[in-house]
Amino acid sequence: MIDLHAHTTASDGSDTPLELVRNAVAAGLHTLAITDHDTTGGWEEATTAVEQLDVAFTLIRGTEFSCVYDDHGVRISLHLLGYLFDPDAEALKAERARLRESRLGRGEAIVDALVAAGYPISWQQVLDIADGGAVGRPHIGQALLQAGVVESVTDAFSHLLSSSSPYYVPKLEMPVQVAIELIRQAGGVPVIAHPWARKRGRILDEAALRSLVDSGLLGIEVDHLDHAGADRARLAELTAELGLFATGSSDYHGTRKSVRLGAETTSPQSLRRLLNLATGLDVIRSEPAAQAV
């Protein structure tokens with residue numbers, strides 16, 4: 001089982017990187033990608049966790065980047081997964097830092113607006129929940145849950161934290177074409193994340209997806225819980241037509257979302273293509289102690 005999209009406390013997941021690796025093994029996965037938002041902060045701990053395993057397991061280091069596509073003046077927010085890129089590549093490193101700083105300011109602005117409206121939360125509370133991770137709306141949702149304002153984090157996203165909420169603040173995003181170029185320059189593999197997750201807002205049409213191939217896009221996340229069956233089928237066709245590889249992923253966030261690890265998976269054939277295309281980093285592998293000897 002191969003799951004190429006999962007989050008930790010380095011961004012907006014509830015599992016530490018160590019817990020994520022352990023939970024992945026317990027779930028029967030043999031390959032996992034750690035893909036926190038705009039950060040590589042969980043890579044070191046996850047790597048150490050894998051190196052201590054005595055089972056066959058592969059860790060792929062990645063990041064989920066906040067991006068935007070400009071469709072004739074209409075901005076479409078989206079996410080781009082970058083796998084196995086060199087984290088020390090200067091241009092991409094600077095962009096990650098800029099996006100993380102923006103997340104912090106955006107989070108504080110949302111909290112300030114909620115506090116001004118009388119909601120009993122605080123910025124310090126949100127920082128405590130994030131515990132050093134890149135602050136995101138799930139942390140604010142958790143604060144609202146602790147305050148008894150909402151019944152769940154999902155409820156918070158449906159109302160107070162939705163893009164139509166009066167408290168919503170847009171996040172800084174880099175043009176997806178630039179993100180693709182920077183990931184490729186750093187030896188990484190760019191894959192568009194959940195491109196037809198319609199309930200999240202405006203999506204890329206087929207023409208836009210085709211245009212991203214010219215920018216260097218290499219894969220499409222086809223199997224995702226936010227994709228309807230008909231959309232999955234068409235995305236699979238489109239992926240083949242464009243000569244890309246298809247992935248399937250859980251987009252796991254621990255207790256912050258109901259999805260389980262391995263809920264959606266990637267084929268071994270697609271994994272091989274991804275690994276063959278990457279030149280920035282190697283994967284991290286463990287094996288049973290008996291084999292290691």
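The following legends describe close-up views of a predicted model.

**View 1. Helix α1 and the elements against which it packs.**
Helix α1 spans residues 17-26, and its buried residues are Pro17, Leu20, Val21 and Ala24. Seen down the axis of α1, these buried residues fall within an arc of 95°, so they line one face of the helix. An α-helix has 3.6 residues a turn, so residues three or four places apart point the same way. The buried residues of α1 pack against β2 (31-37), α2 (43-51) and β3 (57-71). Arg22 and Ala26 are exposed and sit on the face of α1 turned away from its buried side. After α1 comes Gly28, which has a positive phi near 90°.

**View 2. Helix α7 and its buried face.**
In helix α7 (residues 176-185), the buried residues are Val176, Ala179, Ile180, Leu182 and Ile183. Their directions, seen down the axis of α7, fall within an arc of 165°, so the buried residues line one face of the helix. Packing partners of these buried residues are β3, β4, α3, β5 (174-175), β6 and α8. Gly187 follows α7 and has a positive phi, near 80°.

**View 3. The largest nonpolar core and the contacts of Tyr83.**
The largest nonpolar core has 65 residues, of which Leu80, Tyr83, Ile192 and Leu204 touch the most other members. Strand β3 gives the most to this core, with 6 residues. Apart from this core lies another, of 17 residues, among them Ile121, Val126, Val150 and Leu160. Which residues does Tyr83 touch, not counting residues up to four places away in sequence? Tyr83 touches Leu4, Ala33, Thr35, Ile60, Arg61, Gly62, Gly188, Val189, Val191 and Leu274.

Leu281 belongs to the loop between α10 (268-277) and β9 (284-286). Leu281 and Arg61 are 220 residues apart in sequence, while their C-alpha atoms are 8.2 Å apart in space.

**View 4. Two histidines with positive phi, His72 and His194.**
Most residues other than glycine have a negative phi. His72, although not a glycine, has a positive phi of about 55°. His72 lies in the loop between β3 and β4 (74-83), where His72 is exposed with a relative accessible area of 80%. His194 is likewise not a glycine and has a positive phi of about 25°. The loop that holds His194 runs between β6 (189-193) and α8 (206-215). In contrast to the exposed His72, His194 is buried, with a relative accessible area of 7%.

**View 5. The largest pocket and its lining.**
Rolling a probe the size of a water molecule over the atoms shows where empty space is left. The largest pocket holds about 1400 Å³ of space. Its lining comprises 47 residues, of which Arg137, Phe157, Arg200, Asp226 and Lys257 lie nearest the centre of the pocket. Two or more lining residues come from each of β4, α3, α5, α6 (153-158) and β6. Strand β4 supplies the largest share of this lining, 5 residues. By class, the lining of the largest pocket has 16 nonpolar, 16 polar and 15 charged residues.

**View 6. The largest cavity and its lining.**
How many cavities of 30 Å³ or more does the model contain? The count comes to 1 cavity. About 40 Å³ of space lies in the largest cavity. This cavity is lined by Arg103, Arg106, Gly107, Val135, Gly136, Arg137 and Ile140. Helices α3 (90-116) and α5 (137-146) each supply at least two residues of the lining, and α3 gives the most, with 3 residues. The lining of the largest cavity divides into 2 nonpolar, 2 polar and 3 charged residues. Arg137 belongs to the lining of this cavity and is also one of the residues nearest the centre of the largest pocket.

Technical notes: Residues numbered from 1 in each chain as written. Predicted model: local features only at pLDDT ≥ 70, side-chain atom pairs only at ≥ 80, totals over all residues. Heavy atoms only, no water. Buried < 20%, exposed > 50% of the residue type's maximum accessible area, 1.4 Å probe, protein only. Helix = DSSP H or I, 4+ residues; strand = E, 2+ residues; numbered from the N terminus. Arc of directions from axis to C-beta. Contact = heavy atoms within 4.5 Å. 1 Å grid on protein atoms, 1.4 Å probe; cavity = no way out; pocket = protein on both sides within 12 Å on 5 of 7 lines; lining within 4 Å. Points joined across faces, edges and corners; volume = space filled by probe spheres on them. Nonpolar A, V, L, I, M, F, W, Y, C, P; charged D, E, K, R; others polar. Core = buried A, V, L, I, M, F, W, Y, C linked by side-chain atoms within 4.5 Å.
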